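Me: I have a two-chain model open and want to know what the labels rest on. Please set each value against its cut-off.

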Amino acid sequence: MIDLAALSLLEASHGLRAGAFSSVELTRACLERIQRLDAALFAFVFVSPEGALQQARRADQALTRWRKAPSHALSLLTGIPVAVKDVLCVQGMPATAGSRILEGFLPPYTATSVQRLIDAGMVIMGKTNTDEFAMGSSTENSSYGVTHNPWDLSRVPGGSSGGSAAAVAAGLCFAALGSDTGGSIRQPAAFCGITGLKTSYGRVSRYGLIAYGSSLDTVGGLARSAADLLPVYQTIAGHDPLDSTSLSASVPDVNLQTGDLRGLRIGVPREYFIDGMQASVERGVRQAVEAFRSLGASIQDLRLPHTDLALPVYYLIAPAEASANLARYDGVRLGPRRGKGDLLDQFLETRGALFGPEVKRRIMLGTYALSAGYYDAYYGQAQKVRTLIKQDFDDAFRQVDLIACPVTPTTAFGIGQHGDDPLSMYLEDVFTLPANLAGVPGIAFPVGSDDAGLPISMQLMAPSLGEAGLFHAAHAYQSVTAWHKERPAL
Amino acid sequence: MSLTIEEVRHIAQLARLSLTADEEARYQVQLSAILDYAARLRAVDTTAIPPTASVLPLDAPLRPDEVRPSAAGAQILAHAPEATDGMFRIPPVFP
C-alpha cells in the first residue's frame with residue numbers, strides 16, 4: 001500500500017490519470033495526515049474535510065470522463081489537494097489574514113489565483129496560518145497561534161507563509177499558495193526545505209489577496225520541487241482584468257529539460273555574503289553554485305551595490321502602504337466593533353484591541369513616514385533609493401541571466417528567539433527584500449542541511465517575467481541532487 | 001531616542017490606534033530603533049533620481065461602462081456589526 005501523501009505532485013497526478021487511485025483516496029490520505037500531525041504543527045487555521053471530499057469526488061468524475069476521452073485536455077492539477085494561505089479569499093471558507101479584526105469574515109468571492117486552481121480541478125483543503133496581515137518572518141505574529149517547523153517543532157517555519165510551507169513540507173498537501181511581499185514565500189520555503197516561488201510583480205492577479213503593501217505584494221506557490229510547482233504557477237499566472245496591475249504578457253509553456261545549462265550566465269553578488277551569516281548556509285549556497293557550474297552554467301562575480309539599503313527602504317515603504325491599506329479596518333460597516341463612546345472612540349478601541357503588536361508597529365511606522373514634515377525625508381527618500389535598488393538589478397541582468405544567492409542568513413531559528421526585538425527579526429529578510437523592491441521573481445529551493453538537520457536553501461532571481469529561466473535552472477539542479485526529496489521525520 | 005512619547009501618542013491618534021501606557025513605552029523604544037536604522041537613507045545621494053511608486057508603469061486600464069453583478073447585499077451585511085433594514089447601522093459622525 002503506497003503512502004499516497006508521500007508522492008510528489010506529478011506522481012500523484014500520473015497515478016490519478018492512470019486510475020491507480022482516486023482523488024478521494026488521495027484527499028483522505030492528506031486529511032489523515034492533517035488529523036495526525038497538525039495538532040503539533042498548526043499549519044492550518046481552517047480545514048474543510050467534507051468540502052475537500054466533495055471537490056475530490058467532482059475531480060474523480062472529471063478524471064473518469066477524461067479516461068474515456070483522453071484527447072480532451074485535463075489539467076495535471078485535477079484532483080490534487082492544495083492549501084491556500086489565509087490572506088487569499090476563498091468563498092465558503094473564512095479569511096482571517098491571521099488577525100482578530102477579520103474574525104468570522106466569510107469572503108463573498110474567491111481570489112482569482114485560487115479560482116484558477118479550482119477551475120483546474122484542484123482540491124482546496126483549507127487555509128493556512130500566516131503572520132497577521134502577512135507582516136512577519138516567522139508566523140509567530142498570527143493571532144491564532146504559532147506554526148511549528150516540521151523539521152524541528154521548537155523552531156519557526158518562517159513567515160509569513162509559514163503555514164503553507166509547513167503543510168507542504170509535512171506532506172499535508174501537495175502544493176500551497178502563498179504571498180511574498182518581502183520574502184514571505186521564499187524564506188519559509190527555505191526554512192522548511194521546499195521549493196517556493198515569488199512571482200514577478202503583476203504576473204499573478206492580486207484580486208482576492210488581502211492587501212499589505214500594494215506595490216510589493218505578489219501571489220506565488222510552494223511545492224516539493226520545481227517540477228511540481230510549475231503547473232501550479234502556469235495555472236495561476238496571467239492577466240486578470242480584475243487586477244489593474246496584472247501584466248498582459250502571455251504565460252509561455254515551459255518544457256523542463258534536465259542537464260545542460262551551457263550558455264546560462266549566473267551572477268553571484270558579493271553583497272549577499274555578509275559577516276554574521278551562518279557559515280554552513282554560506283558553504284551550502286557556494287557548493288550549489290558549483291553544481292550549477294558543473295551543469296555548464298558560467299558563473300561570474302556580481303555587484304548589487306545598494307543591497308544593504310533594501311532593509312531601511314522596505315521598512316519605510318511597506319509600512320507606509322500598509323498604513324493606507326489597513327485604514328479600512330475600522331469597525332464601522334464591517335467586522336467586529338469595539339468602544340462604547342463616539343465614532344473616534346470606536347475607531348481607537350476597535351483597532352487598538354483587534355490588531356496585534358507587529359501590525360500596530362508597522363501602521364505607526366508608515367503613518368509617521370507619510371506624515372506632514374516627514375514625508376520627504378522618509379517615504380520620499382525611500383522611494384528614490386528604491387529606484388537605485390531596481391537599477392542595480394536592471395544593470396545586473398544586462399550581464400547575467402540569473403542571480404544566485406542565499407535566501408536567509410541562517411537556518412530556521414527558534415520560536416521566541418527574536419523576542420521583543422522587531423529590528424532583529426527584520427534583519428532575517430535582508431536577502432529577500434530586494435527582489436520585492438525591484439519587482440523581480442525569485443525561487444528558493446533546498447541545497448543542503450546543517451548540523452542540526454535543518455534545511456539550507458538558496459535563491460535564484462531572474463528579470464521580471466523570467467520565471468521560465470528560474471524553473472529550468474532549479475529543475476536542472478534538482479535533477480542531479482536529492483535535497484528536495486528529504487522529508488522531515490514526523 | 002528618535003521619538004518622544006508625545007510623538008508616539010500623536011502617531012497613534014493619527015492611525016486611530018488606542019495604546020496602553022505599556023504599549024506606548026514599548027513602541028517608543030522599538031519605533032525609535034527602527035527609525036534610527038532607517039535614517040541611514042538620508043546619507044544616500046538621490047539627486048536627480050526619480051522616485052519609484054510602482055515597478056510597473058502606472059496607467060489605469062479602462063473598460064466599457066457596463067453594469068456587472070457584484071456580491072449580494074445580504075451576504076455583505078451579514079458581516080456588519082449592526083445592520084437594520086438592509087442598511088449598515090453606524091455610529092454618528094457628529095454626536
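Reply: Start with burial. A residue is buried if 20 or more other C-beta atoms lie within 10 Å of its own, exposed if 12 or fewer, and partly exposed in between, with C-beta atoms placed from the backbone. By that count, 18% of the 95 residues of chain B are buried. In chain A, 62% of the 490 residues count as buried. This is a predicted model: local features need pLDDT of at least 70, side-chain atom pairs count only at pLDDT 80 or more, and totals for chains, interfaces and linings use all residues. Residues are numbered from 1 along each chain as its sequence is written, while chains are lettered from A and ligands numbered from 1 in the order in which they are written.

Me: How does the radius of gyration of chain B stand against that of a compact globule?

Reply: Chain B has 23 Å, whereas a compact globule of 95 residues would have a value near 12 Å. Its C-alpha trace spans about 55 × 45 × 25 Å along the principal axes. Chain B holds three helices and two strands, in the order α-α-α-β-β from the N terminus.

Me: Why is α9(A) called oblique to α12(A)?

Reply: Helix α9 (residues 310–325) and helix α12 (residues 376–399) of chain A pack at an angle of about 125°, with axes 9 Å apart. Axes are lines fitted to C-alpha atoms, for helices over the stretch in contact, and angles run from 0 to 180 degrees between N-to-C directions. Angles under 35 degrees count as roughly parallel, over 145 as roughly antiparallel, 65 to 115 as roughly perpendicular and the rest as oblique. The angle of α9(A) to α12(A) is therefore oblique.

Me: Why are α2(A) and α3(A) roughly antiparallel to each other?

Reply: Helix α2 (residues 23–41) and helix α3 (residues 49–68) of chain A pack at about 155°, with axes 8 Å apart. That makes α2(A) and α3(A) roughly antiparallel. By class, their contact has eight nonpolar, two polar and two charged residues. Ala, Val, Leu, Ile, Met, Phe, Trp, Tyr, Cys and Pro count as nonpolar, Asp, Glu, Lys and Arg as charged, and the others, Gly among them, as polar.

Me: What makes Ala227(A) buried, and which residues is Ala227(A) in contact with?

Reply: Ala227(A) has 20 C-beta neighbours inside 10 Å, so Ala227(A) counts as buried. The residue lies in helix α7 (residues 226–236) of chain A. Leaving aside neighbours within four places in sequence, Ala227(A) is in contact with Leu10(A), Leu256(A) and His475(A). Contact means C-beta atoms, placed from the backbone, within 7 Å. The C-alpha atoms of Ala227(A) and His475(A) are separated by 6.3 Å, although these residues are 248 apart along the chain.

Me: What makes the backbone at Ala97(A) stand out?

Reply: Ala97(A) has a positive phi of about 50° although it is not a glycine. Most residues other than glycine have a negative phi, and most peptide bonds are trans. Ala97(A) sits in the loop between β2 (81–85) and α4 (112–119) of chain A. With 29 C-beta neighbours inside 10 Å, Ala97(A) counts as buried.

Me: How many residues does the contact take from chain A and from chain B?

Reply: The contact takes 55 residues from chain A and 43 residues from chain B. The largest share of the chain A side, twelve residues, comes from α12(A).

Technical notes. Helices (H or I, at least four residues) and strands (E, at least two) are DSSP runs, numbered from the N terminus. Two residues are in contact if their C-beta atoms, placed from the backbone, lie within 7 Å. The radius of gyration is taken over C-alpha atoms; the globule rule is 2.2 Å times the number of residues to the power 0.38.
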